[in-house]
Amino acid sequence: MLRLSKAPVAPCNAGLDTDALNRLSASIQADIDHGHNFGASVIVARGGVIGYRKNFGTVAPGRAAADEDRYLMMSLSKSFTAALTLRAVDHGLFCLDSRIADFIPTFAAGGKQRVTVRHLLTHTAGTYSSFLPPAPVSPKEIGDLAKNVAAISGLPAANVPGERVVYNPFASYAVLAQLLVETDPAGRAFQTIAQEDLFNPLGMTNTSYGLSPQDPRRVPVSFTERNTTPASAMTAQVLNDHLTETSEHPAGGAFGTADDVFRFAEAFRRKGSLEDYRLLSPALLEYACRNHTGTMSNGAWDWYREANGLEDYPANFSLLGGYVRGVGHFMNGAGYTASPRTFYAVGGGSTMWMIDPDRDLTFIFLSAGFIEGLAHFDRLRRLGDLALAACID
């Protein structure tokens, strides 16, 4: 089977236009110059061939961005957990309509007895929707998976499962990870499942859930001055100090390089397999890439849209820990010109991967220096359109 290379080729040999890529570079650099973020690592490829690989700015004071940088994936981590969940479905450990309470009985409390795997994957379960762990779990224990899931399980549902979409920064994917632990034939911990069933076989040698704060390649969480609030300062402290090498934070605690994220996305572009490893069946992957939330909007952003005068738009969640572009003119992280089948994942304020299957284009963006709210989605929309504009045909 064709081996994947991370070495870039001339843009024209990857079906990309050099002038258009220069405009992409200029837009990323302008964001840095205007204080929207500090640095970034970016990949653009077509047909699995990298025609653009570039690092921008700094990832910490006095430290230039480099290929080896290990960024905190934030919610892009959900796509890793989703892939492992779907792999377990492929292996018959449970199905998309399996009820969580059948495997974690305490989860049935508070009207959650009907919550299924599908509900958790699509943010329609009505589970706890805050960023930090629920009481009595402290922020220092954000990486204690079992303790967090025990606390989440005891909370009531915010809505009837399936009735609303409300994005979960934390809870739903923690429960999915615990489900993987409960059903694992070998009785492994979540970190081990991720390493042995996903990262190692895909050659993602610089990716892990959790990382030592002293790792010299770790990119610290930071906010530019214009994007700093008291809440963001607390967020940075929690993520920098309390996500350690032992942390299991399935919804937002993975660390990795741009090249590793490209390898992960490439497995999806190749219909579920990379080199000699089959991650997902083509049938399940094709099903997962669809819009599974219909026309429902994402209630988590109601406050932001109202405060900024933005129009409503569909949530368009897939089963892959992210989104589908879909049809229509509305804000999205892929770009207005992305094909309707384009699917992608976003990490709050900083990261994304995107695959446009109609153009065979892959776009990876990891950045240092967070921006909050939907401003990151609007930035990704702009950069996605510029990357798509580079397609020669």
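1. Tyrosine 71 stands opposite glycine 256 in β6. The model is predicted: local features need pLDDT of at least 70, side-chain atom pairs count only at pLDDT 80 or more, and totals for chains, interfaces and linings use all residues. Residues are numbered from 1 along each chain as its sequence is written, and side-chain values use heavy atoms, with hydrogens and water left out.

2. β4 pairs with β6 (residues 254-256) in the antiparallel sense, over two bridges. Pairing requires at least two DSSP bridges between the strands. The open sheet has three strands, ordered β4-β6-β5, with antiparallel pairing.

3. Overall, the protein chain has eleven helices and twelve strands. These are DSSP runs numbered from the N terminus: helices are H or I of at least four residues, strands E of at least two. The radius of gyration is 19 Å, close to the 21 Å of the globule rule for 393 residues, so the chain is as compact as a globular protein of that length. The radius is taken over C-alpha atoms; the rule is 2.2 Å times the number of residues to the power 0.38.

4. Buried residues make up 60% of the 393. Buried means under 20% relative accessible area, with a 1.4 Å probe and protein chains only.

5. Of the contacts with a separation of 6 or more, 68% join residues 24 or more positions apart. A contact is heavy atoms within 4.5 Å.

Conventions
Buried < 20%, exposed > 50% of the residue type's maximum accessible area, 1.4 Å probe, protein only.
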